Amino acid sequence: MRERDAFEPYDSREDLSKVDVQLHEADGRLRVLPRVQPLFALPPRQRRPPGVRLIPGQWVRWQLNYRFSSALGIRDWSYWLDTFNIAYGPVNADVFLSTPTVFIDEQGPLR
């Protein structure tokens, strides 16, 4: 969901190379690690948490925030919050309405 669409839910499919999350399945687990995009945004992230490994039926909520200025720095700041909800294996349709198995809050200071 996106703010510009009034947070209206929608289904979509993307090629994994276009999704801002690294997903790797091995040994019955799914490793999840969101990419930090774009590299010029604030706050700087020198140390990031390791990827999360999920077993079937588990899910993770991962949040990252960003701050941007205009190219010349003369307009207002803009802010961006990414929230990734990722489940592994068969789950109920309302899974993301429950408490996540793992919650990663990677939001940094934006001052």
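**Close-ups of a predicted model**

**View 1. The largest pocket holds about 1,700 Å³ of space.**

**View 2. Strand β5 gives the largest share of the lining of the largest pocket.** Nine lining residues come from β5. Strand β1 (21-26) is in the picture too: β1 and β5 each supply at least two residues of the lining. Sorted by class, the lining of the largest pocket comes out as 15 nonpolar, nine charged and three polar residues.

**View 3. Three strands make an open sheet in the order β5-β4-β6.** The pairing here is mixed. Out at the edges stand β5 (78-87) and β6 (102-106), each with a single partner strand, so one side of each is left without a neighbour in the sheet. Going from one strand to the next, the twist averages 10 degrees. Keep β5 in mind from the pocket view: this edge strand is also the one that supplies nine residues of the pocket lining.

**View 4. Zooming in on the sheet, β4 and β6 pair in the parallel sense.** Strand β4 covers residues 59-68, and five bridges join it to β6. Which residue in β6 is the bridge partner of R61? That would be F103.

Terms used. Residues numbered from 1 in each chain as written. Predicted model: local features only at pLDDT ≥ 70, side-chain atom pairs only at ≥ 80, totals over all residues. Heavy atoms only, no water. Pairing = 2+ DSSP bridges. Helix = DSSP H or I, 4+ residues; strand = E, 2+ residues; numbered from the N terminus. Axes fitted to C-alpha atoms, helices over the stretch in contact; angles between N-to-C directions. 1 Å grid on protein atoms, 1.4 Å probe; cavity = no way out; pocket = protein on both sides within 12 Å on 5 of 7 lines; lining within 4 Å. Points joined across faces, edges and corners; volume = space filled by probe spheres on them. Nonpolar A, V, L, I, M, F, W, Y, C, P; charged D, E, K, R; others polar.
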